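Biologist: I'd like to learn how to read a helix in a model like this. Could you walk me through one?

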Amino acid sequence: MTTPTFIPGPWRRVGHRTIAAGSGLASRRICELYSWGDCTEADGNEALIAAAPELYQVAHDAEAMLTRQKWRPDPSSPEGALLVALRSVLAKVSNGGAS
């Protein structure tokens with residue numbers, strides 16, 4: 001797995017539907033969200049995107065722990081299936097979103 005190239009967290013909600021990293025002059029806009037009609041989905045998407053760096057770190061740490069414990073990536077066991085899923089999602093991040 002290669003090192004991901006996303007802007008390091010923490011990310012946070014700033015303004016209306018904007019996610020940013022850093023603060024002051026070092027602040028960088030990550031993205032802006034748009035919605036039509038009910039804003040419930042936009043609120044959920046905004047919260048998920050803001051948590052993305054933390055979610056990545058937790059997935060990375062869980063994959064490393066299962067690997068250290070010598071679990072095999074095998075869909076027939078709960079731990080092995082989790083390891084397969086973690087490696088799959090981490091590969092998406094490391095490959096810039098390519099599946």
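This is a predicted model: local features need pLDDT of at least 70, side-chain atom pairs count only at pLDDT 80 or more; totals for chains, interfaces and linings use all residues.

Biologist: Which residues of α2 are buried?

Modeller: Pro53, Tyr56, Ala59, Glu63 and Leu66. The general idea goes like this: an α-helix makes a turn every 3.6 residues, so residues three or four places apart point the same way. In this case, looking down the axis of α2, the buried residues fall within an arc of 160°, so they line one face of the helix.

Biologist: What do those buried residues pack against?

Modeller: They pack against β1 (11-14), α1 (40-50) and α3.

Biologist: What span should α2 have, going by its residues?

Modeller: Count 1.5 Å a residue: the 17 residues of α2 should span 24 Å, and its end C-alpha atoms are 24 Å apart, so the two agree. Just past the end of α2, Lys70 has a positive phi of about 65°.

Biologist: Which residues make up the largest nonpolar core?

Modeller: There are 6 of them: Tyr56, Ala59, Leu66, Leu83, Leu86 and Leu90. The elements giving two or more residues to this core are α2 (52-68) and α3 (78-94). Take Leu86 as a case: setting aside neighbours within four places in sequence, Leu86 is in contact with Ala59, Ala62, Glu63 and Leu66.

Biologist: How many residues does the second, separate core have?

Modeller: That one has 5 residues, including Trp11, Ile19, Ala21 and Leu33.

How values were computed. Residues are numbered from 1 along each chain as its sequence is written. Side-chain values use heavy atoms; hydrogens and water are left out. A nonpolar core is a set of buried Ala, Val, Leu, Ile, Met, Phe, Trp, Tyr and Cys residues joined through side-chain atoms within 4.5 Å. Buried means under 20% relative accessible area, exposed over 50%, partly exposed in between (1.4 Å probe, protein chains only). Helices (H or I, at least four residues) and strands (E, at least two) are DSSP runs, numbered from the N terminus. Contact means heavy atoms within 4.5 Å. The expected span of a helix is 1.5 Å times one less than its number of residues. The arc is that of the directions from the helix axis to the C-beta atoms.
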